[in-house]
Amino acid sequence: MKRRSLFRLGLAVTGCAWLAGCASYRVTSDVPEELRTIAVPVFENETGYPEVGATVAQYALREFQREGTMKVKALENASLKLLGTVKRGEMIPVRFDRSYGSRASEYRYTLIAEITLVDRATGQLLLDAVQVHGTTTFLTYDDMLTGMQNAHPRIAKELARAIVDTVLATWAPKKE
């Protein structure tokens, strides 16, 4: 009988400790309810790569929908407007072809964007020209253009994730 009582007491103590550890977690978002709708117009493109701004904006819309905190709305119905400019793309060779010595066979591709988040009701800038990066790698297979074209959806998706994380971090509790 004593053994069973000790077991129950141990379970109760373990349960209380577990619940106390979860006390600081919340299921809700830190974004105020009145600011949970967003419009994402096509991003400007200063890279020279065709359609990168439109692709990144499209993936940002998908990422907002996937993440679920914000609802995507038309500009006239949204409480927030996300403006973006894809500023530049950088390619750094990371692997070289042994047969040719100096010809790269794999590149690290980085897109850098600047985002601005505007509260449409007040005109207040919640984020102002914040730089966000997305990175991927691609193989050339002796055709640089095809390698880059294959990498665009991946890098746009990575950049969109970073953009959504940056937007949502605007309301994250500040660590002291």
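A residue is called buried here when its relative accessible area is under 20%. By that cut-off Ser105 makes it into the buried group, because its relative accessibility is 19%. This residue is found in strand β5, and the model it belongs to is a predicted one. Leaving out neighbours within four places in sequence, the contacts of Ser105 are with Arg95, Phe96 and Asp97, and also with Phe138, Leu139 and Thr140.

The chain has 176 residues, and 35% of them are buried. As for the contacts between residues at least 6 apart in sequence, 67% join residues that are at least 24 apart. The accessible surface of the chain amounts to about 11,500 Å², with 53% of it belonging to carbon and sulfur atoms.

Helix α2 takes in residues 52–67. The buried residues of α2 are Val52, Gly53, Val56, Ala57, Tyr59, Ala60, Glu63 and Phe64. These residues sit on the same side of α2, because they cover an arc of only 165° around the axis. Turn to the face of α2 that points away from this buried side, and the exposed residues Gln65 and Arg66 come into view. As for what covers the buried residues of α2, the list includes the strands β1 (37–39), β2 (44–45), β3 (71–72), β4 (80–96) and β5 (104–119). Helix α3 (144–168) is also part of that cover.

Glu51 lies in the loop between β2 and α2. Its phi is positive, near 65°, and Glu51 is a residue other than glycine. Glu51 counts as exposed, because its relative accessibility is 63% and the cut-off for exposed is over 50%. After α2 comes Gly68, and here too phi is positive, near 90°. Another positive phi turns up at Ala129, with a value of about 55°, although this residue is not a glycine. Ala129 is part of strand β6, which runs over residues 125–139. With 38% relative accessibility, Ala129 counts as partly exposed.

Helix α3 is made of 25 residues. From first C-alpha to last it reaches 35 Å, close to the 36 Å expected at 1.5 Å a residue. Still, α3 has a kink of about 35° at His152, shortly before the proline Pro153.

Then there are the aromatic rings. The count of aromatic pairs comes to three. In one of them, Tyr107 and Phe138 are stacked, with 5.6 Å from centre to centre and 20° between the planes. This pair links distant parts of the chain, as Tyr107 is in strand β5 and Phe138 is in strand β6, 31 residues apart. Both partners fall under the cut-off for burial: Tyr107 counts as buried because its relative accessibility is 16%, and Phe138 counts as buried because its value is 4%. Phe138 also pairs with Tyr109, and here the ring centres are 6.0 Å apart and the planes meet at 80°, so the pair is edge-to-face. Again distant parts of the chain are linked, with Tyr109 in strand β5 and Phe138 in strand β6, 29 residues apart. Tyr109 counts as buried too, because its relative accessibility is 0%. Taken together, ring pairs join Tyr49, Tyr107, Tyr109 and Phe138 into a cluster. Phe138, one of the residues in that cluster, is also among the contacts of Ser105.

Terms used
Residues numbered from 1 in each chain as written. Predicted model: local features only at pLDDT ≥ 70, side-chain atom pairs only at ≥ 80, totals over all residues. Heavy atoms only, no water. Helix = DSSP H or I, 4+ residues; strand = E, 2+ residues; numbered from the N terminus. Expected span 1.5 Å × (residues − 1). Buried < 20%, exposed > 50% of the residue type's maximum accessible area, 1.4 Å probe, protein only. Arc of directions from axis to C-beta. Contact = heavy atoms within 4.5 Å. Areas by Shrake-Rupley, 256 points an atom, 1.4 Å probe, with all protein chains shown as cover. Bend = angle between axes of the 7 residues up to and from the residue. Phe/Tyr/Trp six-rings, centres within 6.5 Å; stacked < 30°, edge-to-face > 60°.
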